[in-house]
Amino acid sequence: MRIVIAEDSALFRQGLSNLLEDAGHEVVAAVGDAEGALARTRALEPDVLVCDVRMPPDLTDDGARAAVLLRGEFPRMGIVLLSQHMETTHTARLVPGGYFAYLLKDRVLDVNEFLETLRRVREGGTALDPELVVELIGAARSNGFVGALTLREREVLALMAEGRTNMGIAQRLWLTERTVETHVGNILSKLNLPVAPQDHRRVLAVITYLQAQDGC
């Protein structure tokens, strides 16, 4: 893959570049601010943009806002947001189109999982950090949003948000794939999602949680 890295920490930026190049990818640019991310991505049109959420010039959510702008211009470019903190407002806008992942920076230390996430995003998939999913579900649960879902259904939804297939969920939870299919069907039904292709409804289920968190 051709990758642009946008990260304001020079040490982390270099380490990430080395990791990706060692894995056989091409880092076509590595920048330290949101303006650089916009400029280099537009100029180079990479396969994937790996971008920190908090970057100069404002050191707030500059990276996430840049990612939203670039999504409108490059709908099939993979975007991986990295952060040390939870941020859901822009995440909810990026999830629907796929080609997106949100990871806490510590997750990069699991090299194989990180590289698998890049592959999944490049192919149009979506992956949310497990810790983010836990927080989202916990927040939604506190205001009664998930009262209709059983504990097992919440576990299945969390793994759906990580981008896992029914088979992947079955392996993680030691269930049969058919049992997972039943849980997924129950989740979609209880969340009252519109009839649409199955993959689209799975994404809608995750978005529903993100929107509930934004309203908390």
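The protein chain of this predicted model contains 10 helices and 6 strands. Of its 216 residues, 51% are buried. Among contacts with a separation of 6 or more, 61% join residues 24 or more positions apart. The accessible surface of the chain is about 10,200 Å². Carbon and sulfur atoms contribute 50% of that surface.

The largest nonpolar core comprises 27 residues. Ala6, Leu49, Ile79, Leu81, Leu94, Phe100 and Tyr102 have the most contacts inside this core. Two or more residues come from each of β1 (2-6), β2 (26-31), α2 (34-44), β3 (48-52), α3 (62-73), β4 (78-83) and β5 (100-104). The largest share, 5 residues, is supplied by α3.

Leaving aside residues up to four places away in sequence, Leu81 touches Cys51, Val53, Gly63, Ala64, Ala67, Leu94, Phe100, Ala101, Tyr102 and Leu103. A second core is separate and holds 18 residues. Leu16, Val50, Val80 and Ala101 are among them.

Helix α2 was examined from end to end. Within α2, the buried residues are Ala34, Gly36, Ala37, Leu38 and Thr41. These buried residues pack against strands β1, β2 and β3 and against helix α3. Just after α2, Glu45 adopts a positive phi of about 45°.

Conventions: Residues are numbered from 1 along each chain as its sequence is written. This is a predicted model: local features need pLDDT of at least 70, side-chain atom pairs count only at pLDDT 80 or more; totals for chains, interfaces and linings use all residues. Side-chain values use heavy atoms; hydrogens and water are left out. Helices (H or I, at least four residues) and strands (E, at least two) are DSSP runs, numbered from the N terminus. Buried means under 20% relative accessible area, exposed over 50%, partly exposed in between (1.4 Å probe, protein chains only). Contact means heavy atoms within 4.5 Å. Accessible areas come from the Shrake-Rupley method with a 1.4 Å probe; for residues, only the protein chains shown count as cover. A nonpolar core is a set of buried Ala, Val, Leu, Ile, Met, Phe, Trp, Tyr and Cys residues joined through side-chain atoms within 4.5 Å.
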